[in-house]
Amino acid sequence: MYKMAIVDDEPLMLEGVSKAMDWEANGYQLIGAFRSPEGLIRFCEKEHPDILLLDITMPEADGISLLKEIKIQFPEISVIMLTAHNEFSYVRDSLRYHADEYLWKPEIGFQDILDCMNHVLEGRRRKEQSSEKKIYEFADYAYKVEKNEFSSEVFKQLIAEIERALDMENVLELTDIWKRIKELLTQSHPSKESLLSSFLRIFYLYQQYFSKSDLQENCVQEKEVLEVFYKSNTRQEFTDELFHLFEKMNDFLNCQKMIASEELKRKIECYIEEHMGNNHLNLMELSKAIGLSYSYCSRIFPEITGKNFSRYLIDVRMEKACEYLKYSSYKIDRIMELVGYIDKSYFVKSFRQYTTFTPFRYREEYRVKKHAEEKEQNTIS
């Protein structure tokens, strides 16, 4: 008997699914019918339904986000998405985040739901049968140290940290987490079988990240991860091969981040260069202009430029002021305005800190030096 549940905010849909079909006569046990997704994750942890009917649009939740969370935490649960909206974006997002099937409410009856569930579960059975392989225990399993038991709770915490690091695209943190996972596997000695679901969950997190970024082709394949488990290998060989697959994805993520950082750095430089004359220019304005949240921009700015925003802006303004003093005939008051200062004493103080000269002295020093160079050049000629 397969266990099924439904989440839908429409009372008629819930009533119909609950009473219009003799599910048990068709091999299903309805174990949950929810108008709200509240408590659904806890329900899945406790009851482990085989199949879930999930509405895409509900007042209290986004069904697609819920689908992602379920597939990450419970990849073994088959999910059929239900919607009254016949739009391609819903189909695309449902399939992108591994929904098993998609049904349009206005065109389905309860027999259609039953047929769809049978189809999904039959497909799952065939997939399991065709891909079912023996998970060989480690070739050096006799080396197992009984006294150091593997902590699945610690591993769950590390997986949660991986999810957060991927959301933040924090490659340094990912690298640190993987080191800790390797230490955990070295210090304790879990069986391969006990590790399978955890590493598949990590794989789905990476797959979700690459899918969201339209970089699916750069994500390793599920079968590559499984093959490491199916092989007869030593504990060290297993760890090296498995970690190599995830390092490949981390390396690619790092490359993409560096490319994105260069592009972001160029945007920052261009915007500040063009708007330095605005004496109200600040990080909030910059973040809006380049399409980032203030909190993310404040965190990423020092990483990209090597300075905080205030220091960077002062340096850009002072460098531009130096150019104007050397190559233009603008008066100092005009230069001060062009680089975004309204208080002359503050401008002079900032300039002295940057160059050790006052603006007037800086210009005079440059002219004397230039005159000496030209005189020397004429003498040589």
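**Reading salt bridges, sheet and cores**

Colleague: How many salt bridges does a search of the whole structure find?

Modeller: This is a predicted model, and a search of the whole structure finds 15 salt bridges. Side chains of opposite charge can pair when their charged atoms come close. One case joins Asp100 and Lys71, whose side chains meet with 2.9 Å from N to O. This pair links distant parts of the chain, 29 residues apart: Asp100 is in the loop between helix H4 and strand E7, while Lys71 is in helix H3.

Colleague: Are Asp100 and Lys71 buried or exposed?

Modeller: A residue counts as buried when its relative accessible area is under 20%. Lys71 has 9%, so Lys71 is buried. Asp100 has 34% and is therefore partly exposed.

Colleague: Which residue forms a salt bridge with Lys231?

Modeller: Lys231 forms a salt bridge with Glu241, and their closest N and O atoms are 3.0 Å apart. Here too the pair links distant parts of the chain, 10 residues apart, with Lys231 in the loop between helices H9 and H10 and Glu241 in H10. Lys231 is partly exposed at 37%, and Glu241 is partly exposed at 27%.

Colleague: Where do Arg311 and Asp315 lie?

Modeller: Both lie in helix H13 (residues 309–327), four residues apart, which is about one turn of the helix. Arg311 and Asp315 form a salt bridge, with the closest N and O atoms 2.9 Å apart. Arg311 is partly exposed, at 39%, whereas Asp315 counts as buried, at 14%. Salt bridges may also join into a network, and one such network links Glu161, Asp176 and Arg180.

Colleague: What is the order of the strands in the open sheet?

Modeller: Strands of a sheet pair through backbone hydrogen bonds, either parallel or antiparallel. In this model five strands form an open sheet in the order E2-E1-E3-E6-E7, and the pairing is parallel. E2 and E7 stand at the edges with a single partner strand each, so one side of each has no neighbour in the sheet. From one strand to the next, the twist averages 20°.

Colleague: How many bridges pair strand E3 with strand E6?

Modeller: E3 (residues 51–55) and E6 (residues 78–83) pair in the parallel sense over five bridges. As an example, Ile51 has Ser78 in E6 as its bridge partner. Helix H1 (residues 11–19) packs on the sheet, touching E1, E2 and E6, and its direction makes about 160° with that of E2. Helix H3 also packs on the sheet; H3 touches E3 and E6, and its direction makes about 180° with that of E6.

Colleague: Which residues touch the most other members of the largest nonpolar core?

Modeller: That core has 41 residues, and those touching the most other members are Ile162, Ile181, Phe199, Ile202 and Tyr206. Helices H6, H7, H8, H9 and H10 each supply at least two residues of the core, and H8 gives the most, with 11 residues. The contacts of Ile162 include Leu174, Trp178 and Leu205. Another core, of 29 residues, lies apart from this one; among its members are Met276, Ile300, Val316 and Ile332.

Colleague: How many disulfides does the structure hold?

Modeller: The structure holds zero disulfides. Cys44 is in no disulfide, and the nearest cysteine sulfur, that of Cys116, is 18 Å away. Cys44 counts as buried, at 0% relative accessibility, and Cys322 counts as buried at 4%.

Conventions:
Residues numbered from 1 in each chain as written. Predicted model: local features only at pLDDT ≥ 70, side-chain atom pairs only at ≥ 80, totals over all residues. Heavy atoms only, no water. Disulfide = S-S within 2.5 Å. Buried < 20%, exposed > 50% of the residue type's maximum accessible area, 1.4 Å probe, protein only. Salt bridge = Lys/Arg side-chain N within 4 Å of Asp/Glu carboxyl O. Core = buried A, V, L, I, M, F, W, Y, C linked by side-chain atoms within 4.5 Å. Contact = heavy atoms within 4.5 Å. Pairing = 2+ DSSP bridges. Axes fitted to C-alpha atoms, helices over the stretch in contact; angles between N-to-C directions. Lists of a residue's contacts leave out its neighbours within four places in sequence.
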